[in-house]
Amino acid sequence: MARDAPTGEPSFAEGFAPADESTWRAAVSRGPRGLDPDALARELVPGIDVPPVAFQGPDTLPSRLRGRAGRGWQVCQEITDPRMEVAAAQAREDLRRGADALWLVAGLEHGCRMLTPGDLDLVLAGVDLDAVPLQLEPEADALGLAGALFAVAESRGVTSLRGGLGADPLGALLRSGSLFSGLGGGRRDLVSLAAYCAAHRPGLAAALVQTRALHDAGATPTDELAWALATGVTYLRWMMEDASLDVDAAAAQVRFSLGVQGQTFVEIAKLRALRVLWAKAVAAAGGAPASQRAFVHARTSGSTATRVDAWNDMVRRTAETFAAAVGGADSIACAPFDEAMGPADALARRVARNTQLVLRDEAHLGRVDDPAGGSWALERLTDALARAAWDRFRAIEARGGMARAVAQGDVAFALEQERRRRRTRLETRAEAVVGVSLQPTLSGRPVVREAVDLQAVEVELGNAFGDATPDQRHGALLKLAQGLVSPGWTPAALVDDALDAARLGVDLYSIGAVLRARRASLHVEPLVPFRAAAPFEALRAACDAREVRPSAVVLHVGPLSEHGERLGWVQGLLAAAGIEGRAVPASVEDAVAVLDATLAEHGSGASVVLCASDARYDALVPMLAPHAKAKGARVVAVAGSAPDDAWARLGVDLTLHRDGNVYRALRKILELTGLELDDPEDER
């Protein structure tokens, strides 16, 4: 949209007739190529076509739902290290160096390991709980860890906790595959915390709709939105039914956390679409306009993390953080670039933290309220995503809701279908991973991280809290158990009993054991993370483990001007599997002699890739392929597409071409050279 020109100067748009969509479509159709305008649409999201040119449409977000009103977002860095002392040091450093909030992943068996309120007190030793918002991610330990947090806060005289308690039973079930107190127990804990926070802790939200397991398992943006909305509505319904909270009070207890990956415009639209969807759901339940605004946390994607040349992940994380900021996230966690390698070091954490600070405070992304608003392309994409997700959400509700979708395997089935589609795109490089499957390097400095000895960590657990006697702690546990079966039991009273136990220093395991009593556990197949780089990285790792890196002779015949681009493409492709492609030039006349000399130098069992222009293959392949086999070459490949199976009869083992499954071709080369490869599997 052109700005008005200064007084006395002509407008840039002066002399141009206004153009609408029908005018543009007519111009495209009658152009020299005679294109169909609809054929120019591109599928950015499965099932959603994006037009090549966007024209004005309705704004998707009313002002009351937009962004952060120019305040910027919270830099909310994650604390995940299993070691308490390391986690405590990271928390202090993050806050000292610019973080505004902390996201503490903690529990008995995940994230920062802790057993007692004293352990939590140690991890938060340098954190001013009056000033710093804290979001917990406790998996199935929500009630016990919340009680520990309340006890620690009371011991310090803190009365104004802010953040969230992270109760997310459906998310925990998807991630771990187990809920030891069953869905009923998870529901009870969430409702109890919500009732307690609504009555006594107005700065805290009890429930967290965390899509990390879904996102990292390969969920499409549409499915991630639909499942997030279905989960949020489920939690809303539980709180209204079991704790008698009205819709406004219940909505205030829900926070959302979504993953953000590399498709910048899609991810911007996805975060905006979530606000549209949640507002629609809360309004349908009778919520007031003020209750319809969602608190949205965004976290850079684990599915885009790489192990090969992980330095590239600095750029990926920057792009993902940018998308989260423009999409209007209220808080953002930027993962360290070495996330896929193990516990992050100080450099990686500093870069992650400063990525946000530069974008927010130096690039001023935080000063604009909903910067995507008014962009016709992003408004249309937001609208399309919201409509598709809403239809998907309605289908989930019609089949019994999100809890049933998880328990019956509907979610896992949908993810498996999408993973197959993505795997095909990755193997053919229709979706490439820069630095891994595309433009890799064989000489980069690897990122190495030492694994944490969890057995050594467990020895350090159990810091004392308070000075209660064993009999007093036993009495607190007995009171908690009796309260669960009391006819006068209320949700908020359960938290009071758990808090009484935490005040006396009762450990999380004992509290959890009481809460699980007489509850049937629930088990499903846990979701398996899907890292896009994993298939090619498996090939690369197998080659890197060899004492001598595998190599292939790339015999390129004829003038380089004919096949220079193809030669570079082949060498880059081989490098994606960890194979060094050694270019050997030859003329048509001396090709056989050069091949003989090269094979003699490399010895028997060499791999040979023939590279030339398509026009030369009719003469070269019958001449060189059988000869290479006769001279002991173990693998003979041709850079190009075979017209039929005639090349195979001449001794060609495979072809390498842009439209083929290059992952399978590279895997076949390694297998033919005698390298044993495990079946490719996604990673847990």
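Biologist: Hi! What kind of model is this, and how are residues numbered?
Modeller: It is a predicted model, where local features need pLDDT of at least 70, side-chain atom pairs count only at pLDDT 80 or more, and totals for chains, interfaces and linings use all residues. Residues are numbered from 1 along each chain as its sequence is written, and side-chain values use heavy atoms, with hydrogens and water left out.

Biologist: Great. How many aromatic pairs are there?
Modeller: The count comes to seven aromatic pairs. Rings of Phe, Tyr and Trp (its six-membered ring) pair if their centres lie within 6.5 Å; planes under 30 degrees apart count as stacked, over 60 as edge-to-face and the rest as tilted.

Biologist: Why is the pair of Phe536 and Tyr663 edge-to-face?
Modeller: Their ring centres are 5.7 Å apart and the planes stand at 75°, so the pair is edge-to-face. Phe536 lies in helix H20 (residues 534-544) and Tyr663 in helix H25 (residues 662-672), so the pair ties together parts that are 127 residues apart in sequence. Helices here are DSSP runs (H or I, at least four residues), as are strands (E, at least two), numbered from the N terminus.

Biologist: Is Phe536 buried or exposed? And Tyr663, buried or exposed?
Modeller: Phe536 is buried, with a relative accessible area of 2%, and Tyr663 is buried, with a relative accessible area of 2%. Buried means under 20% relative accessible area, exposed over 50%, and partly exposed in between (1.4 Å probe, protein chains only).

Biologist: Which ring does Arg255 lie over? And Arg516, which ring does its charged end sit over?
Modeller: Arg255 lies over the face of Phe295, 3.8 Å from the ring centre. Arg516 has its charged end over the ring of Tyr509, at 5.9 Å from the centre. A charge sits over a ring if NZ of Lys or CZ of Arg is within 6 Å of the ring centre and within 35 degrees of the ring normal.

Biologist: Switching to helices, how do H5 and H8 pack?
Modeller: Helix H5 (residues 169-176) and helix H8 (residues 221-242) pack at an angle of about 135°, with axes 10 Å apart. That makes H5 oblique to H8. Axes are lines fitted to C-alpha atoms, for helices over the stretch in contact, and angles run from 0 to 180 degrees between N-to-C directions. Angles under 35 degrees count as roughly parallel, over 145 as roughly antiparallel, 65 to 115 as roughly perpendicular and the rest as oblique.

Biologist: Which residues meet there?
Modeller: Pro169, Leu170 and Gly171 in H5 meet Thr231, Thr234, Tyr235 and Trp238 in H8. Contact means heavy atoms within 4.5 Å.

Biologist: What about H4, how many of its residues are buried?
Modeller: Twelve of the 14 residues of H4 are buried, so H4 is largely enclosed by the rest of the structure. Among them are Leu143, Leu145 and Phe150. After H4 comes Gly157, with a positive phi near 75°.

Biologist: And what covers the buried residues of H12?
Modeller: The cover includes strand S3 (74-79), helix H2 (84-96), helix H11 (313-326) and strand S12 (331-333). Arg349, Arg353 and Arg360 are among the buried residues of H12. Just after H12, His364 takes a positive phi of about 60°.

Biologist: Last one: where is His563, and what does His563 touch?
Modeller: His563 is in helix H21 (residues 560-576), and counts as buried at 1% relative accessibility. Leaving out residues up to four places away in sequence, His563 touches His556, Val557, Gly558, Cys611, Ala612 and Ser613.
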